[in-house]
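Subject: Structure for you to look through

Dear colleague,

Please find below the structure that I promised to hand over, followed by my notes on what was found in it.

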Amino acid sequence: MNYLTFENVSRSYGDRVLFQDITLHINKGEKVALVAENGTGKTSLLRIITGEEPPEGDRARVFIHPSIKIGHLKQEPDLDGDLTVLEAVYNSQNAAVQALKKYETLMLAGSSDPDKIQKALEEVELRKGWDKESEIREILSKLKLEDEHQKVRTLSGGQKKRLSLAMLLVDEPDLFILDEPTNHLDLDMIEWLEQFLSKPEFTLFLITHDRYFLERICSVIVELADQRLYKYQGNYSDFLEKKTVRETNQALRYERGNKLLKTELEWVRRQPKARGTKSKSRVQKFESLRSELSGNHQKDELNIAIKPERLGSKIMELRYIAKSFDERHLFKDFHYKFQKKDRVGVVGPNGSGKSTLLDMMAGLIPPDSGSVVHGETLKIGYFKQSGLNLPDDKRVIDYIREFAEYIPMEKGKKLSASQLLEQFLFAPEQQQTFISKLSGGEKRRLYLLSILIQNPNFLILDEPTNDLDIITLNVLEDYLIDFPGCVVIVSHDRFFMDKIVDHLFAFQKGGTIIDFPGNYTDYRSSLDQKVREDRKKSAEKSSSSKKTAKPSTDGSGMTKDTKNQLRKLERKLQKLEKDKQSLLEKFNSDNPDPDKIGEWSKELKQVEDEIEELEGEWMELVD
């Protein structure tokens with residue numbers, strides 16, 4: 001069933017064409033991601049699809065199946081500030097939610113009409129309302145919206161984005177349109193959301209730069225480039241392979257086309273003003289070829305070769321630092337001495353104190369106890385989440401010139417501010433643009449440039465990847481890998497963290513920070529391994545307890561009901577592990593059935609997702 005189609009859609013602003021005559025079909029069950037460089041028209045395309053802007057072009061058509069419901073997660077949610085969190089979530093058109101709301105309204109009003117109450121109760125049962133209520137509680141808990149009675153107007157920007165996401169997930173539209181759904185989520189939330197949206201019945205159209213999200217969820221990736229839309233079946237790995245083939249073919253064609261263009265140009269220049277039919281044909285061919293090649297120009301590359309200040313042997317030392325706010329202890333007694341070329345990731349739930357630790361390292365706030373000691377040659381470049389308050393009334397070039405007219409480069413070279421902006425993909429005409437006209441990703445890129453040109457030798461980056469396109473992310477990653485100084489990163493982008501960091505400051509319960517050797521995937525694997533080991537020990541303990549026929553008084557503090565739930569979960573997990581092993585054996589057989597591989601892959605993913613979900617439930621019960 002076709003859910004959404006747009007055909008021959010164009011959009012331009014003045015002389016600038018963003019895209020022209022592009023077409024896409026989205027069918028039920030597809031999970032489609034749109035990737036593009038910043039400023040190429042992602043937001044405009046999204047506005048056309050959602051009906052906020054009309055399409056351009058005489059043949060343009062946007063079709064949405066009349067029987068489906070669309071849910072749109074916006075970057076800036078529009079919420080009713082007078083509602084509570086729970087009221088906002090219950091303000092849904094979902095049939096199960098409506099039944100629950102009606103029943104609870106009757107109960108709160110103290111209705112004495114048994115027929116009304118019975119009818120409302122039957123409707124809740126019919127719509128599986130109790131399951132929906134449980135799901136609502138889980139969604140709010142996973143997105144850390146614990147205070148159900150808090151007024152929406154008192155929420156922070158990040159909380160409002162999470163509430164908007166919760167409302168959408170509860171509503172369960174037929175087609176989810178998601179604009180950067182992982183922004184403002186911590187790593188645990190992202191992994192939970194990944195699992196939630198992987199359900200085969202959900203149909204998605206999303207914009208995200210989270211490459212693990214693209215890898216694990218998407219079945220189709222479309223790329224907006226050169227004013228066209230390219231469609232690739234598969235996930236992020238498939239996209240990279242197929243994109244490489246396409247660009248290689250284009251490069252060969254570009255090279256052959258340029259040779260032909262030279263020949264045609266020489267011919268056109270030699271012609272007299274009077275044109276015959278044959279001459280007109282050659283001229284038209286030349287113009288067509290020139291137009292085609294101008295749309296397939298070689299991509300500019302972001303090439304950052306700024307020379308940082310020299311870094312001495314004494315860099316930065318965190319001496320048993322601690323920080324609390326009122327009665328809340330963020331961390332205590334943390335000690336670390338930075339070494340040259342340190343690459344550190346900082347991980348922990350939202351609100352655990354990650355940004356506070358960065359502020360303390362940068363010298364912006366003092367620790368409650370302990371000290372932060374800076375070396376004499378230390379020069380910090382701090383990319384803050386709250387730092388993106390650029391002056392809208394300044395031109396791009398004027399803003400950069402406030403920091404430097406010339407920037408020292410490697411091998412004694414220098415770049416002017418204008419040249420450096422070009423390296424950062426700000427073309428000369430865009431440098432004269434007011435900052436207010438830039439997209440969110442372009443502003444973030446400009447802010448990052450304003451930090452790097454000051455030649456820091458110690459970079460502190462707090463969520464630097466938000467709103468950056470994948471092209472810019474790749475370049476930034478390459479730069480950070482080669483950066484000769486130290487780098488400390490807080491990021492919800494797991495791919496980015498895995499590529500850059502070699503160890504982590506991991507926030508634990510109780511205000512402890514551990515120094516974990518490895519990247520984020522290593523850390524996550526170690527946590528999963530610990531869950532499995534704890535579960536195994538608990539199962540062995542439970543089995544031993546049964547054999548000795550002792551009553552359940554092991555001093556754990558668990559109720560009998562909790563222990564029964566644990567045993568049920570453990571039995572389910574044992575069965576699922578056997579199912580998983582059985583599926584893996586099918587893949588590893590000498591002659592696997594190629595027609596069954598797709599089916600087995602789906603089964604394996606479902607089994608792994610269920611194992612992860614049950615392990616989470618098991619861990620919560622143990623805690």
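A residue is called buried when its relative accessible area is under 20%, exposed when that area is over 50%, and partly exposed in between, using a 1.4 Å probe and the protein chains only. The structure is a predicted model, in which local features need pLDDT of at least 70 and side-chain atom pairs count only at pLDDT 80 or more, while totals for chains, interfaces and linings use all residues. Residues are numbered from 1 along each chain as its sequence is written, and side-chain values use heavy atoms, with hydrogens and water left out.

Taking the protein as a whole, its secondary structure comes to 20 helices and 20 strands, where helices (H or I, at least four residues) and strands (E, at least two) are DSSP runs numbered from the N terminus. Of its 623 residues, 44% count as buried. Among contacts (heavy atoms within 4.5 Å) between residues at least 6 apart in sequence, 68% join residues at least 24 apart. The protein exposes about 32,600 Å², of which carbon and sulfur atoms supply 48%, and this area comes from the Shrake-Rupley method with a 1.4 Å probe.

Helix α1, which covers residues 42-49, is largely enclosed by the rest of the structure, because six of its eight residues are buried. These buried residues are K42, S44, L45, L46, I48 and I49. Just after α1, G51 takes a positive phi of about 85°.

Two other residues deserve a look for their backbone angles. Most residues other than glycine have a negative phi. K144, however, has a positive phi near 55°; this residue lies in the loop between α5 (129-142) and α6 (157-171), and its relative accessible area of 24% makes it partly exposed. E172 has a positive phi near 50° and lies in the loop between α6 and β6 (175-179), where it is partly exposed, with a relative accessible area of 30%.

Finally, which helix holds E617? E617 lies in helix α20, which runs over residues 597-622, and it counts as partly exposed because its relative accessibility is 34%.
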